[in-house]
Amino acid sequence: MNISFNWLKEFLNIDIEIEKVSEILTDIGLEVEGIDEYQEIKGSLKGLLTGKVISCVKHPNADRLKLTTVDIGEESLLQIVCGAPNVEAGQHVVVATIGTILHPLNSDEFKINKSKIRGELSQGMICAEDEIGIGESHEGIIVLDKKYKPGTKVSKIIENYKDFIFNIGLTPNRSDAMSHHGVARDLRAALIHKGLKSELLTPSVSSFHINSRTQKVNVKVSSQELCPRFSGICIENIKIDNSPKWLQDRLKAIGLTPINNVVDITNYVLHEIGQPLHAYDLKKIKSKTIEVKTLKEGSTFITLDGVERKLKNTDLMICDKNTPICIAGVYGGDYYGVSKETKSIFLESACFNPVSIRKTAKAHSINSDASFRFERGINIELIKYALKRAAILICEICDGKICSDLIDEYPKKIENISILLNYEKTNNLIGQKIPSEEIKSILTSLDFKINNITETSVGITVPNYRHDVTRECDVVEEILRIYGFNEINLSNKLSISLNSVDQNFYFKTENIISSYLNSLGFNEIMNNSLTNNNLDIYGKKSVKIINSISSDISQLRTSLLESCLKTLKYNLNRKNRNNNFYEFGKIYEKIDNKNKESRMLGIIFSGNIIHKNWNNDSIQTEFYSLKNIVMNIFKRLSIPVKEKAIDFDGFENSLGVFNNKKRIALIGSVSNKYKTILNINEDVYYASLDIDLILKNISMNFKKYKPISKFPSVIRELNFVFDKNVQYNKIEELILNNSKSKNLINMSLSDVYENKKLPDEKKSYTLSFSLIDNEKTLTEKEIQSTMDKIQHKIEKQFGATLRS
């Protein structure tokens with residue numbers, strides 16, 4: 001936000017260096033990010049002198065050029081070649097001497113050098129308006145009054161408005177400081193605390209009076225919630241013209257382009273006291289009735305920029321009866337605005353709901369000075385004052401006459417907030433004792449009204465323009481920023497907050513998993529927790545965001561799968577075929593009207609594991625590769641798990657991984673149901689791991705080490721014929737979990753065989769068994785005894801037969 005130093009001094013009679021003012025503003029929370037020097041005329045007319053044309057003759061080598069001699073108050077005359085048609089002997093002119101840098105109005109700056117033009121020496125330049133940046137004219141040179149002596153600096157003749165502009169990084173809560181008056185008000189409080197008494201000068205509206213009552217406009221507000229206050233007045237006999245120089249200087253200095261006197265006055269009042277205003281051509285309001293209401297979804301409206309916009313049924317509109325003329329608090333209409341032909345206006349000053357304005361501005365991608373202020377909240381008590389202030393200026397500058405009563409629709413006055421401030425609690429929060437008299441002085445300087453005082457506390461009323469002060473701690477913050485953060489003594493005691501063991505444990509576990517997945521070529525991704533849950537994955541009841549600015553981010557995600565699939569789609573659209581990602585994140589769901597938050601890990605697996613090269617073909621991702629990765633994660637964390645094939649919505653093939661009968665992970669092939677919605681044609685595999693459950697089942701010492709046996713292990717294989725419905729995990733569970741053999745250390749599935757040579761509804765598993773004895777070498781008899789027991793168990797439990 002740009003704040004003019006000259007403008008500030010109209011509110012505060014101060015004589016302080018600009019650097020000191022900048023320091024004070026930053027200390028009280030209005031951070032000055034930079035100070036820019038503003039000059040109406042670039043270059044400050046440096047190097048330009050008054051010259052008297054002594055002689056003027058035709059250039060010997062050019063028909064349109066003239067050869068002049070010019071006196072600039074020095075011993076010798078300058079010879080200057082000039083092409084202006086109006087140059088004559090005896091004139092007093094503006095001369096740019098050699099070395100001067102000129103800043104033309106509509107082109108780049110250039111330096112005046114000694115040169116020859118068509119064979120004749122030229123020792124400077126006689127300037128036109130546009131060449132020195134003071135006007136548009138290039139029809140001829142500037143002719144000065146003869147009272148100015150040769151050699152007089154032009155900077156002493158032509159006024160050059162100068163200013164310094166503070167670039168203030170305003171935080172969203174400080175809506176009260178979104179104007180020069182608001183910044184001056186805060187600065188005054190700081191100066192009072194420093195012992196520099198300064199009165200805040202507020203523009204008077206005592207001269208406001210109604211000239212006649214020849215016009216009447218009715219106002220109807222449909223929703224007090226969306227528009228708690230609406231004021232307006234009619235002004236006639238207006239003369240639309242350029243604004244006076246002082247007004248243009250003020251606006252140009254803070255980066256605004258003057259348009260015409262009426263629009264400039266509304267902008268001036270906006271930046272002066274922070275109240276947005278809007279002026280309508282009164283003649284074009286045919287019904288003489290202003291209705292503030294919402295319109296049907298899809299209604300069209302052409303804004304000032306000529307863009308036709310489709311309205312939402314939540315957009316608050318200012319209407320000429322039923323015809324929209326302005327998007328309330330955001331942007332005006334093309335037809336009803338002030339033009340050169342305007343003779344009378346209806347001037348609006350209102351207060352609109354901040355949430356409604358922000359939604360509308362975001363929906364239509366409009367960011368105006370008015371919406372910027374309405375979104376953050378304005379001072380509702382300032383509306384009538386701002387209207388009178390603008391009306392007075394329009395009458396003074398535009399020769400207008402007020403021709404109606406002042407309309408003020410304000411059915412429900414907003415009550416100020418009262419707070420009881422405890423001195424002891426204030427000092428405890430600040431960390432240093434501040435005398436109670438000093439606290440009261442600071443509060444008074446900030447316009448807090450003191451209602452009652454006791455030995456331990458003070459009762460105060462918060463000014464209505466401070467929307468961000470609602471609690472006792474907010475008041476303490478106000479006291480502290482004026483008292484000065486730098487005035488708080490540092491403690492000799494060093495306090496360090498250590499992260500909780502649980503938090504360190506979580507990060508340690510996350511890093512272990514991340515390191516493993518990164519080593520396999522996975523990339524970590526991070527997605528927004530706010531989404532729209534369009535895929536409705538798992539059918540969970542989502543947690544909705546109150547007052548969301550967009551339907552696309554109106555809910556908290558119920559699964560990491562949707563965001564992972566969107567990331568996959570983004571990469572596929574950019575021809576990336578190696579899409580192996582993982583994401584640590586939180587998911588949310590509503591259960592029995594309570595919000596549940598869970599930490600999860602999502603792994604997406606698609607495309608190539610290994611790309612094709614001269615030595616081998618590409619290897620595609622597949623279900624069992626992802627299963628192996630997930631099982632290795634649990635193995636690295638020493639978490640015992642069991643697997644079980646399950647049916648799960650959204651997956652064509654899915655496997656549940658369980659720990660103590662609780663599902664700790666899910667692995668599956670993403671169904672076409674979800675892939676079709678996102679237009680994904682690749683095979684996609686996904687795993688979801690419950691991080692909260694993982695953390696409950698591991699400890700800080702989950703790594704276990706044991707020495708490698710010095711005795712050899714033995715591998716034996718058995719080939720069985722099973723019924724087709726028998727699953728390998730059931731066989732593994734029977735042998736490993738229920739076997740009493742201490743020599744059996746592992747088993748695995750070596751081969752699966754299905755063929756017409758086998759009986760119907762049968763399949764063949766080749767099972768591999770690892771045996772070892774850590775105390776001696778196994779004998780063949782011991783090996784065979786163990787294998788016989790295994791064979792007997794399998795045949796008995798599953799009705800399997802050993803293949804020859």
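Predicted model: local features only at pLDDT ≥ 70, side-chain atom pairs only at ≥ 80, totals over all residues.
Student: Is lysine 730 buried, partly exposed or exposed, and in which helix is it found?

Tutor: The relative accessible area of lysine 730 is 42%, and because buried means under 20% and exposed means over 50%, with partly exposed in between, lysine 730 is partly exposed. As for its place in the chain, lysine 730 is found within residues 728-738, which make up helix H18.

Student: Where is lysine 661 found, and what is its relative accessible area?

Tutor: Lysine 661 is found in the loop that runs between strand E36 (651-659) and strand E37 (662-670). The phi of lysine 661 is near 70°, a positive value in a residue other than glycine. Most residues other than glycine have a negative phi. Lysine 661 counts as exposed, because exposed means over 50% and its relative accessible area is 84%.

Student: Serine 44 also interests me; is it buried or exposed, and what is its phi?

Tutor: The place of serine 44 is in the loop between strand E2 (31-39) and strand E3 (48-58). Its relative accessibility is 11%, so serine 44 counts as buried. The phi of serine 44 is a positive value in a residue other than glycine, and it is near 55°.

Student: Which residue has its backbone oxygen 3.0 Å from a polar atom of the side chain of serine 563?

Tutor: Serine 563 lies in helix H14, made of residues 561-572, and it is buried, with a relative accessible area of 11%. The backbone oxygen that lies 3.0 Å from a polar atom of the serine 563 side chain belongs to leucine 560.

Student: What separation is there between the C-alpha atoms of histidine 278 and tryptophan 246?

Tutor: Histidine 278 has its place in strand E16 (residues 277-281), where it is buried because its relative accessible area is 19%. Along the chain, histidine 278 and tryptophan 246 are 32 residues apart, and the separation of their C-alpha atoms is 22 Å.

Student: How much accessible area do Ile609, Ile610 and Ile619 have together?

Tutor: Isoleucine 610 lies in strand E33 (residues 594-610), and with 38% relative accessibility it counts as partly exposed. Ile609, Ile610 and Ile619 form a nonpolar patch on the surface, and their accessible area together is about 220 Å².

Definitions and conventions:
Residues numbered from 1 in each chain as written. Heavy atoms only, no water. Helix = DSSP H or I, 4+ residues; strand = E, 2+ residues; numbered from the N terminus. Buried < 20%, exposed > 50% of the residue type's maximum accessible area, 1.4 Å probe, protein only. Polar contact = N/O pair within 3.5 Å; in protein donor to acceptor, adjacent residues only side chain to side chain. Patch = residues over 30% accessible without salt bridge, like charges linked within 9 Å, V, L, I, M, F, W, Y side chains within 5 Å. Areas by Shrake-Rupley, 256 points an atom, 1.4 Å probe, with all protein chains shown as cover. Salt bridge = Lys/Arg side-chain N within 4 Å of Asp/Glu carboxyl O.
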